[in-house]
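Thanks for sending this one over.

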Amino acid sequence: MPSGRHKSGTLRKVQIRTPGGRTVQRYDQRNPKAPSCATCKKTLPGIPRERPIRMANLPKTQKRPERPYGGVLCSTCTRQKIKLEMR
Ligand SMILES: [Zn+2]
């Protein structure tokens, strides 16, 4: 029976293999939800879903695509926006 603080579902269950070869269940904080496109609200690929402390230690080039509007708009919306700007 899990102890009281582990019954709520706030923490996720992780199966971890110990050095002795046993598989034990640990509780870990959940990752934040994936960022979405500012226009069409579609989930943005190429952005890691990590806790803030790990995101802060990642290089900037691994946090979002390296293009105009990278990490804000999806590729389809970026294409449309650039075409509108060129008119
Ligand atoms: Zn979009």
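The points below go from the whole chain down to single residues.

1. First, the ground rules. This is a predicted model, in which local features need pLDDT of at least 70 and side-chain atom pairs count only at pLDDT 80 or more, while totals for chains, interfaces and linings use all residues. Residues are numbered from 1 along each chain as its sequence is written.

2. Let's start with the overall layout. The protein chain has two helices and two strands, where helices (H or I, at least four residues) and strands (E, at least two) are DSSP runs numbered from the N terminus. Along the sequence, their order is β-β-α-α. The radius of gyration is 19 Å, well over the 12 Å that the globule rule gives for 87 residues, so the protein chain is more spread out than a compact globule. That radius is taken over C-alpha atoms, and the globule rule is 2.2 Å times the number of residues to the power 0.38. Along the principal axes, the C-alpha atoms fill a box of roughly 65 × 25 × 20 Å.

3. Next, the domains. Domain 1 covers 1-30 and domain 2 covers 32-87; these bounds come from an automatic or database domain assignment. Taken over C-alpha atoms, the centres of domain 1 and domain 2 are 32 Å apart.

4. How much of the protein chain is buried? Buried residues account for 2% of its 87 residues. Here a residue is buried if 20 or more other C-beta atoms lie within 10 Å of its own, exposed if 12 or fewer, and partly exposed in between, with C-beta atoms placed from the backbone. As for contacts between residues at least 6 apart in sequence, 22% join residues at least 24 apart; a contact means that the two C-beta atoms, placed from the backbone, lie within 7 Å.

5. Now the hairpin. Strand 1 (residues 11-17) pairs with strand 2 in the antiparallel sense over seven bridges, and pairing requires that DSSP finds at least two bridges between the strands. Five residues lie between the strands of this hairpin, and Gly21 has a positive phi near 95° there. The number of buried residues is zero among the seven of strand 1, so strand 1 lies largely in the open. Strand 2 (residues 23-29) also has seven residues with zero buried, so strand 2 lies largely in the open.

6. Arg12 is a handy place to look at the pairing. Arg12 sits in strand 1 and faces Asp28 in strand 2. Lys13 has Tyr27 as its bridge partner in strand 2. Not counting residues up to four places away in sequence, Arg12 touches Asp28 and Arg30. Is Arg12 buried or exposed? Arg12 is exposed, because 11 other C-beta atoms lie within 10 Å. Between Arg12 and Ile53, which are 41 residues apart along the chain, the C-alpha separation is 18 Å.

7. Do look at the loop between strand 2 and helix 1 (52-57), where Thr43 lies. Thr43 has 12 other C-beta atoms within 10 Å and is therefore exposed. Neighbours within four places in sequence aside, Thr43 contacts Ala34 and Ser36. Thr43 and Leu73 are 30 residues apart in sequence, and their C-alpha atoms are 9.7 Å apart in space.

8. Two phi values deserve a second glance. Most residues other than glycine have a negative phi. Lys41, however, has a positive phi near 65°. Lys41 is in the loop between strand 2 and helix 1, and is exposed, with 8 other C-beta atoms within 10 Å. Tyr69 also has a positive phi, near 60°. Tyr69 belongs to the loop between helix 1 and helix 2 and is partly exposed, with 18 other C-beta atoms within 10 Å.

9. Last comes helix 2 (residues 75-86). At 1.5 Å a residue, its 12 residues should span 16 Å, and the end C-alpha atoms are 17 Å apart, which agrees. The expected span is 1.5 Å times one less than the number of residues. Helix 2 is hardly covered, since zero of its 12 residues count as buried.
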